[in-house]
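Please examine the structure shown below before reading on.

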Amino acid sequence: MAELLHRLGTFAARRAWTVIVAWAVILGIVVGGFLIGFKGLSSSFDIPGTASGDVIAKLQNELPDFSGASGTVVFRTADGSALTDAQKSEISALVASADDLPDVARVTDPFSAQQQLDDQRQQVVDGRQQLADARTQAEAGQQQLDAGAAQLDAGQQQLAAGRAQVEAAPLPNAQKQAQLDALDAQQAQLDQQRAALEQQRTQVTDGLAQIAAQETQLADGAELLTFADAVRLVSEDGSTAIVNVSFDKPRLELPEASKEAVVEHFTAEPLRGADVAFNTEISQGVPEILGVGEAIGVAIAAIVLIVVLGSLLAASFPIITALVGVAIGAMATLSFSGLVQMASVTPILGVMLGLTVGIDYALFILYRHRRQLLQGADVVESIGLANGTAGNAVVFAGTTVIVALLALNITGIPFLGLMGTAGAVSVLVAVLIAVSLIPALLGLAGTRILSKKARARAAAATDASAHSGRDTRPASVDVDEHPRRAARTGTVPVATVGRPVRPMSTLRAVVTMVVATAALLVIAVPALSMRLGLPDGGSEAEDSTAYRAFTWTEEAFGAGANAPLLVTASLPAGTTEGDVQGLQLDVARELFAQDDVAAVAPVAVSDDRTLAAFQVIPQEGPNAVSTEQLVRDLRALPPVNGDIDLGVAGAAAINIDISEGLADVLPIYLVVVVGLSFLIMVMVFRSLLVPLIATAGFVLSLFATYGAVTAVFQWGWLGGLLGVHNPGPILSFLPVILVGILFGLAMDYQLFLATGMREAWAHGAAPRLAVAQGFRAGRTVVTAAAIIMIAVFSGFIASDSVIIKSMGLGLALGVLFDAFIVRMLLVPAIMHVLGGSAWWLPRWLDRIVPNVDVEGAALERRHPMHSSSRDHPRKPRTVAGDGRQDAGDHRFRGGRR
C-alpha cells in the first residue's frame, strides 16, 4: 500500500492538472446525480419490529384513518383573551378548506368538536334530569296504582262479606239467587277493574325498567365522558384552540412537501389578534446543517492550520479539499434518496466527519511534506514520500473509521445503518482526496507552501547536505528486524530536533495516571443516570414554531396533551353493537385506573367490531419518566375481561420504542467495536499491552463523554451557555454514533503517537526514552488535528436543531477527552511505567500476526529523500548497519527509481 501511494503521490505531483480535472469531473457527475436523484428527506425515523409498529400495522388494516401521521396547529390570542367569533370563523374557514391539501385525510374544527363534547356533557345532564322526571312520574303512577289496588282490595273484602251474609241469610232461593247474581256482577266489575289496574302496573313496571336501563346506559356514557374530562380542543379560557390534522400516509412515508403545504395554508393569511404555531410532527423539517457556528469552527481550524503550517497557501489546501469532499460525499449520498428512504439526520454525520477528517487527513500529509522540504528534499520526491508514509497512515486511520461506521449496520436499525454508511462514504472521499488531490495541489504550489523564512532555511539545509554529501534523512535501522533484536543492537536512536528529549519521572507518570483516570471517572458519573429519548417540541429553539406550539399546548391543556397515546383493544369475536359501549367502559376503566393517566377517550370502533381505539392522555409530557413508565405499564396489563388484548402506539410510544431499541443494541455494538479496536492495534503495534491500554483509554473517554453529555442535556448544567433551555433525555442514537466515530478518531491519535514510540524503541532507544521521543515527534500534528476537530464539531453546537447540537457537543467533548487526556497524558504515562514490557508479544502470536508497516518505514528505505539541489554531485551513502551503498542516480520515474 505504501508503494502504491508513493506512486500515486508522485504521479499527482507531476500531473497535477490531470488529477484536479478528474476530481472536478467527479464533482460534476455527483452534482448531476444529486439534481436527478434527490427526492427529499424524511424528518421521522423508525425501528422495524417494535410494539408500536405492530399496533400501527393493525390499525392500517382495521382503522386506516388512525394509522397515518398526524400533527397539530395551535392558535392563541396575542393578549390571552378569548378568541372572538370573527377569529373562530376565520379558523373554521381555514379548517374547512384544508381538506383539499395533499395527503391530508381529515382536519378537525376545534370549535365544532369542542361544542360536540360540551353538548354531549350537557346531554348527560339533561338526560339525567329527564330520566329523573320520568322516574318521579312513574313512581307517582305506581303510588296511584297501589292506592287503586288497595281500594279494589277493600271492595273485594266488602263483596266477599256481602256474599257470605247473603248465603247465610234465611232467604227464599229466588231472592237469594237474585242477590248472589248482583254480587257476581259486582265481582265481574271488580275483576275487570283489577285487570285494568294490573295492566297499568305492568306498564309502569316496564317503564321503570326502561328508565333503569337508560339510567345505566347514561351512567356508562357519563362515566366515559368523566374519563375524558381533560380532553379539550379549546382551552377553558377560550384563548387557545388546537386543530388536529390527520394524514393518510404514515409519518415515514409522508413527503416534506405535504407538511409544508399545511404550514403554508394556515399562515398564508395572518389571523388578526392571534398567532399560530405547528408542532414538531408538522414543522420539523430537514435541519440546517451548515450555519454561522460551523463557519466559525472552520475559521478556527484555518487559524490552527496557519500557525502549524506557517503559510496561508498551505493552510488553505486542507480547507478547500475538505469542502470539496463534503460536497461530493453529501451529494453522492443524497442522490440515492429516491431509491432509499432517508431521514433528515442521514447527511449530518457525513458532513461533520467530512469536514473534520478531511482537514485532518490533509494536514497529516501536508505536515510531513513540509517537514521534508525544510530538510532540503526535492518537491516531487517529498510529495511521493509523504503520500507513502503519512498517506499510508491516513488510509489505515480512515479505514478504521469506515469499518466502525459500516459496523452500524449490524445493529439492524435501518436509519442508523444508513447514517453510518453515509458517514463512511464521506470519510472514504476524504481519504481519496487526501492521497490524490492534496499531492496535486502541493505539486502545483512547489515550495510556495513554505514562508520566505522557511524557504531560506530549506535552501540552507539543501546546500549543507549537498556540500557534505550526506543524505538529508537520518540513517535508519532495518526495522524489518524484530524489535527485540533491534533494541539489542545498540544502534543510534531516532534523531530528534530541538532540545534533548528526556523521559518523564516515574513519580510524574504515576501521578498523571491517577489524576487522568480519576478525572475521567468523575466526569463519567452522570452517565449512570443517562436516559435515552428523542427530542420533543420543548427541546427545540425557543423562537421556533415547534417550541411555541409545545409550550402553548402545555400551558392551556396540560403537559400530557403533547404526549397522547393511542391504545387499541381487540374486542371478542361476536361482539354486537349493543355490547360495544359496555366493553369500551371496561377497557376505559382499566386504562384510567393506571397511575399518571389524565384522561381516556374512546375514539373509534372498526366496522366489524373487532378493534376499538382509545386516546390516553398522560399526566406529563412525552419525555417524562412517568410517561415512559406508563407505556410499559399499559403494555404489561393482562387482557381486559380475560379476552381483550391491548396495544399502545402514538408518537410518545414510538419514540420510547426507538430509544429502547437503540439502548439494546449499544452493548453489542460497543463489544464489536472494542474487540475490533484491540485486534487492529495488535497487528499495528505488535504488542498486547499497548492495544489493551489504548482500548481501555477509549472506553474511559467514551464514558466520560457520555457523562458530560448527560450533565448538559439531561441535568441542564451549562444549559444557558450551550443553548439547552429544556433538559431532557439524551438523543437515543447519540451513544451508538459516539462509539463508532470516537473509536475511529481514537485510533487515529493512537496511531500517530504510538507508532513513533514503537519506531524509536525499534531503533534502539530505551523504552521510556522511546515514549518521550515518540510523543515529541507526534504531539504537534496530533494537537493541531484535535484542536481542528474540536473547533469544527463545536461549530455544530450553535445549531438550532437539538439533534445536531447534541452530536456536535458529544463529538467535540469526545475528541477533547480522548486526544488530550487519554492519548497525550494517560497512555504515555502508563507506557512509561510499563517500560519495555509494553511491547511484549508471545512468540507464537508474533509468528502469526501479519506485519503491518503503517508508518511506511520500508518505503523510506527504498526511497530515501534527496537534496533538491541539482548543482552538486551526490556521493554514495552508506546505510547504517549493513555497509551497502546506494547508487548515484536516485531520480524517480513513475514512482520507481
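Which residues make a nonpolar surface patch of about 500 Å²? In this predicted model, the patch is made by W17, V21, V25, I29 and L444. Helix α2, which covers residues 16-37, gives the most to the patch, namely four residues. L444 belongs to helix α13, residues 414-445. Because its relative accessibility is 32%, L444 counts as partly exposed.

Attention now turns to helix α7. This helix consists of the twelve residues 256-267, and at 1.5 Å a residue it should span 16 Å. The C-alpha atoms at its ends are 17 Å apart, which agrees with that expectation. Within α7, the residues E256, S258, K259, A261, V262, H265 and F266 are buried. What covers these buried residues includes the strands β1 (70-77), β2 (104-107), β3 (240-247) and β4 (274-278), together with the helices α4 (85-97) and α8 (280-283).

The side chains of K259 and E256 meet in a salt bridge, with a distance of 3.6 Å from N to O. Why are these two residues separated by about one helical turn? They are three residues apart in helix α7, and therefore about one turn lies between them. Both K259 and E256 are buried.

R632 counts as partly exposed because its relative accessibility is 34%. E628, at 16%, counts as buried because the cut-off for that term is under 20%.

Another salt bridge links D846 with R686, whose closest N and O atoms are 2.9 Å apart. D846 lies in helix α26 (residues 843-848), while R686 lies in the loop between α20 (651-685) and α21 (689-713), so the pair ties together parts that are 160 residues apart in sequence. D846 is buried, with a relative accessible area of 16%, and R686 is likewise buried, with 12%.

Finally, salt bridges may share partners, and in this way D146, E198 and R201 are joined into one network.

Technical notes
Residues numbered from 1 in each chain as written. Predicted model: local features only at pLDDT ≥ 70, side-chain atom pairs only at ≥ 80, totals over all residues. Heavy atoms only, no water. Expected span 1.5 Å × (residues − 1). Buried < 20%, exposed > 50% of the residue type's maximum accessible area, 1.4 Å probe, protein only. Contact = heavy atoms within 4.5 Å. Patch = residues over 30% accessible without salt bridge, like charges linked within 9 Å, V, L, I, M, F, W, Y side chains within 5 Å. Areas by Shrake-Rupley, 256 points an atom, 1.4 Å probe, with all protein chains shown as cover. Salt bridge = Lys/Arg side-chain N within 4 Å of Asp/Glu carboxyl O.
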